[in-house]
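Colleague: I would like to go through this model with you and ask how some of its labels were reached.
Modeller: Go ahead; I will set each value against its cut-off.

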Amino acid sequence: MTVLDSAIVRLLPAVPRPVVRRIADRYIAGETLDDALTVVRGLNAEGKSATIDVLGEEVTRPYEASDIVRAYHDVFEAIQEHRLDSNVSVKLTGLGLKLGYKLCRRNLRTVVEHAAEVDNFVRIDMEDSSTTDDTIRLYRELRESGLDNVGVVLQARLKRTPADIAALADLRPNIRLCKGIYLEPPAIAWTSFERIREAFVHCLELLVETASYIGIATHDEFLIAEGKRIALEPYEFQMLLGVREQLGDALVSGGERLRIYVPFGRQWYEYSLRRLHENPKIAGYIASDTLGRMFSRRNGRQ
Ligand SMILES: Cc1cc2nc3c(=O)[nH]c(=O)nc-3n(C[C@H](O)[C@H](O)[C@H](O)COP(=O)(O)OP(=O)(O)OC[C@H]3O[C@@H](n4cnc5c(N)ncnc54)[C@H](O)[C@@H]3O)c2cc1C
């Protein structure tokens, strides 16, 4: 990232929401379930599977978490009805984790049980480090209660992850491995680009020994090459909607399995900010959006 990009990233919260929405549009399927279904249908036609995420995190009232549970219910019904190749990803703060562990467990169980009824699968996303213990504990509780159609995410950035992999080994877990998007303090996380890559490779090597399935979630070509070298079947690559699509196409034409993360919903803001933080061309996008609007205003088109 250039100095200008980093400066713009710091200023992002001050950028008006409509501008954020316009430049983050590529990362989000839309606001409605129909929007998500259209995107998933297109991805499936290209030989890619999907995982649908109902946007919404850090809910403040139990009824908001219930709304998200209901939204997942509709997602499963639609996946089944339209015979789409897609599972779902959930965020535990969206299911009420910050309101109470038991409430979140009840909500998560409802989602996973419904998924089991329709022969589908739930991936529990990993959020910031304040949620790691609870997330892993909830995953274990569900698996020990006999639900197998659930997987969790581990973040290579966190120094604890090799120990978490070892602790989960008895479950033969289904793991998505990613770098980790949340910036964590050096006491608990690797912070340099190279060290995070090394940690990713190390975690992948450990997972090959212990996991029943690995989702290698990255757009980093070096790690994709390492994934092909290290991972044993069954595994898949995973990417985010709107990110490095040509690289994804190349994986599919090379015979690799690829799943695309498809978020939809009205709560698009937090997710969009995280994606824009990672976009190496952020300054260019903001500049062209701003210039484009100034130009069209001058021409009376706004
Ligand atoms: C399917 C999936 C699920 C994820 N789930 C989680 C999760 O549960 N918890 C969590 O903490 N993190 C999650 N992440 C995010 C992940 O942790 C990383 O933050 C993100 O994938 C970027 O890391 P990278 O490995 O792609 O490497 P990077 O080095 O960040 O990116 C590699 C290249 O991809 C391009 N790129 C990356 N992001 C963008 C972008 N937004 N716009 C344009 N170009 C981009 C850049 O050109 C960059 O050079 C997930 C990622 C994926 C793909």
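Colleague: Where is the place of Pro-234?
Modeller: This is a predicted model. In it, Pro-234 is in the loop between α9 (221-230) and β7. The peptide bond that joins Glu-233 and Pro-234 is cis, with omega at about -5°.

Colleague: Why does Thr-93 count as buried?
Modeller: Its relative accessibility is 2%. Buried means under 20%, so Thr-93 counts as buried. Thr-93 lies in the loop between β2 (86-90) and α5 (101-117).

Colleague: What makes the pair of Thr-93 and Glu-127 a polar contact?
Modeller: The distance between their side chains is 2.5 Å, and the cut-off for a pair of N or O atoms is 3.5 Å. One atom must also be able to donate a hydrogen and the other to accept it. The pair of Thr-93 and Glu-127 is therefore called a polar contact.

Colleague: Which residues is Thr-93 in contact with, leaving aside its neighbours within four places in sequence?
Modeller: They are Glu-57, Glu-58, Val-59, Lys-98, Glu-127 and Thr-131.

Colleague: Why is Arg-172 called partly exposed?
Modeller: Its relative accessibility is 44%. Buried is under 20% and exposed is over 50%, with partly exposed in between, so Arg-172 counts as partly exposed. Arg-172 is in the loop between α7 (161-168) and β5. Its phi is near 45°, a positive value in a residue other than glycine.

Colleague: What about Arg-244: why is that residue partly exposed?
Modeller: The relative accessible area of Arg-244 is 41%, which again falls between 20% and 50%, so the label is partly exposed. Arg-244 is found in the loop between β7 and α10 (245-253). Arg-244 is not a glycine, yet it has a positive phi of about 45°.

Colleague: Where does the ligand sit?
Modeller: The ligand sits in the largest pocket. The elements that give two or more residues to the shell around the ligand are β4 (150-155), β5 (174-178), β7 (235-240) and α11 (269-278). Of these, β7 gives the most, with three residues.

Terms used:
Residues numbered from 1 in each chain as written. Predicted model: local features only at pLDDT ≥ 70, side-chain atom pairs only at ≥ 80, totals over all residues. Heavy atoms only, no water. Helix = DSSP H or I, 4+ residues; strand = E, 2+ residues; numbered from the N terminus. Buried < 20%, exposed > 50% of the residue type's maximum accessible area, 1.4 Å probe, protein only. Contact = heavy atoms within 4.5 Å. 1 Å grid on protein atoms, 1.4 Å probe; cavity = no way out; pocket = protein on both sides within 12 Å on 5 of 7 lines; lining within 4 Å. Sits in = over half its atoms within 2 Å of the grid points.
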